[in-house]
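Keep the model open as you read.

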Amino acid sequence: MDTTTAASSPTAADARPVHRLKPNAVGLLGVVFMAIATAAPITAMTGNVPFMMASGSGIGTPAAFLVAMAVLAVFAVGFTTMSRHITATGAFYGFISYGLGRTVGLAAGLLATFAYMVFEPSLVGIFASFATNTFTDQVGVHIPWWVFAIVMLAINAVGTWFGVAVAEKLLVALLATEVTVLAVLAVSVAVHGGGPEGFSLAPLNPVNVFHGASAGLGLFFAFWSWVGFESTAMYGEESRDPKRIIPRATMIAVLGVGVFYVLVSWMAISGSGADRALALAVSDQPMSVFFDPTARYVGPWAVHTMQWLMITGSLACGMAFHNCAARYLYALGREGVLPVLRHTVGRTHPRHGSPHIAGLVQTLVATLIVLAMGLAGKDPYSGIYTLLAILGTMAILVVQSACSFAVLAYFRNHHPETRHWFKTLLAPLIGGLAMLGVVALLIVNMSTAAGSEADSLLLKATPWLVAAVALIGIGYARYLKRRDPRRYLLLGRTVLAETHER
């Protein structure tokens with residue numbers, strides 16, 4: 001049975017069918033690629049690593065990725081265990097609603113939706129910045145950044161309209177190329193004996209994370225580089241075997257991305273030597289941390305290729321976030337959180353089975369955000385990308401923390417017979433506390449992470465905006481409980497019927 005139902009409980013008599021996303025549309029590799037695309041490996045490496053080296057974890061940057069991978073793997077244990085019981089496009093929204101209750105669930109659902117909705121315009125900013133600079137440098141033609149912003153918004157809208165299968169094909173092609181060029185760099189340095197100083201294990205020593213300018217900032221950026229890996233769960237309703245595919249895809253995304261980040265950052269540092277790499281990181285051309293060894297061991301052509309792939313990589317990332325935002329809007333809409341939403345963003349395309357209206361709404365919101373920040377004179381990279389990325393990251397980290405504690409509660413209250421000392425107790429406890437620690441790292445290092453936008457009003461308002469969205473969710477859920485209990489009972493309860501309360 002592949003219907004999707006909304007019910008107040010597993011046996012509710014008033015369960016009703018809702019619009020369903022296209023089933024069996026994507027397999028294991030598709031889900032993995034879409035999750036990895038949200039991490040944007042080439043952007044994470046060329047953008048985050050030099051900054052981490054200069055202002056954060058220094059030469060211990062690869063070790064910072066090791067630490068983050070270990071923590072996220074522990075978090076993923078509880079997350080994937082719960083995904084075997086609940087399959088819902090709302091992912092965090094559904095998980096937390098079942099674990100911590102509908103009120104907290106709605107707050108988390110709004111926060112997750114908010115996070116993904118601001119991530120897309122954030123990536124529009126960095127895409128436009130990369131594209132403008134690359135065309136100017138390599139083609140000799142200056143094209144205003146807003147032209148590229150419009151192009152990306154249009155591509156994202158079209159991709160979501162035609163369903164997850166189309167988005168999957170685009171993302172696979174874009175992601176494969178950016179991963180390939182980074183892998184070529186790493187392999188080339190390794191083949192040449194690890195660079196001028198050979199293979200030094202110092203960058204892999206976790207102790208060296210704390211010898212940089214700010215270990216907290218370095219670790220935060222390491223975690224930031226994974227944002228979006230949890231999006232695997234929201235494709236459960238569209239996957240061919242969600243109870244098998246989603247847990248596997250999540251762990252592959254966490255561990256695969258982690259190993260890749262560690263090896264590529266290690267080889268990039270080794271390719272120039274530790275001292276030289278640190279000098280490049282603090283120069284006025286920090287991306288030379290990657291460009292210099294690439295030119296030396298692969299060839300100048302690879303640097304030019306890498307610059308173009310930074311454009312396509314950010315496009316893939318933005319497209320993946322657009323899909324995430326559309327599915328969260330759809331998940332909230334089909335449950336009628338607001339009655340008008342059920343027949344608008346809660347509908348799916350009759351032919352493609354896509355959340356087409358939710359996708360158009362997300363495109364409109366992203367366009368308005370980019371337009372507003374552009375009119376405010378914000379630079380597409382330091383303003384739009386950085387400020388919105390920090391805002392979205394804070395929101396999603398709070399949701400991830402809540403999800404870990406939801407796993408604890410869910411198995412204690414609903415499935416005590418399947419509780420496990422590690423999978424449903426220790427792992428989610430450690431993961432939840434660690435995520436709260438990362439939120440604290442972000443708050444403490446927020447101004448440094450924002451760079452030239454440290455005095456921005458939006459940056460200063462970030463914690464308050466996140467808190468406001470959560471409080472709106474809590475307040476509205478309490479309102480529904482008093483005034484419309486029938487609708488309240490449906491919050492976070494729309495799941496794939498086949499997997500309901502396994």
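Start with Lys378 and Glu453, whose side chains meet in a salt bridge of 2.9 Å, N to O. This pair links distant parts of the chain, 75 residues apart. Lys378 lies in the loop between α13 (356–375) and α14 (380–413). Glu453 lies in the loop between α15 (422–450) and α16. The model is predicted.

How buried or exposed are the two partners? Lys378 has 22% relative accessibility, so it counts as partly exposed. Glu453 is buried, because its relative accessible area is 12%, and buried means under 20%.

Side chains of opposite charge can pair when their charged atoms come close. By the rule used here, there are four salt bridges in the count.

Another of them joins Arg487 to Asp484, with the closest N and O atoms 2.8 Å apart. Arg487 counts as buried at 17% relative accessibility. Asp484 is partly exposed, with a relative accessible area of 25%.

Next, turn to Arg244 and Asp241. Their side chains meet in a salt bridge of 3.2 Å, N to O. Arg244 is partly exposed, at a relative accessible area of 35%. Asp241 also counts as partly exposed, at 25% relative accessibility.

Arg478, Lys481, Arg482 and Arg483 gather on the surface in a patch of positive charge. Lys481 sits in helix α16, which covers residues 457–483. Its relative accessible area is 42%, so Lys481 is partly exposed.

Conventions: Residues are numbered from 1 along each chain as its sequence is written. This is a predicted model: local features need pLDDT of at least 70, side-chain atom pairs count only at pLDDT 80 or more; totals for chains, interfaces and linings use all residues. Side-chain values use heavy atoms; hydrogens and water are left out. Patches are made of residues with over 30% relative accessible area and no salt bridge: like charges are joined within 9 Å, nonpolar side chains (Val, Leu, Ile, Met, Phe, Trp, Tyr) within 5 Å. Accessible areas come from the Shrake-Rupley method with a 1.4 Å probe; for residues, only the protein chains shown count as cover. Lys and Arg count as positive and Asp and Glu as negative; His and the chain ends are not counted. The place of a charge is taken as NZ of Lys, CZ of Arg, CG of Asp or CD of Glu. Helices (H or I, at least four residues) and strands (E, at least two) are DSSP runs, numbered from the N terminus. Buried means under 20% relative accessible area, exposed over 50%, partly exposed in between (1.4 Å probe, protein chains only).
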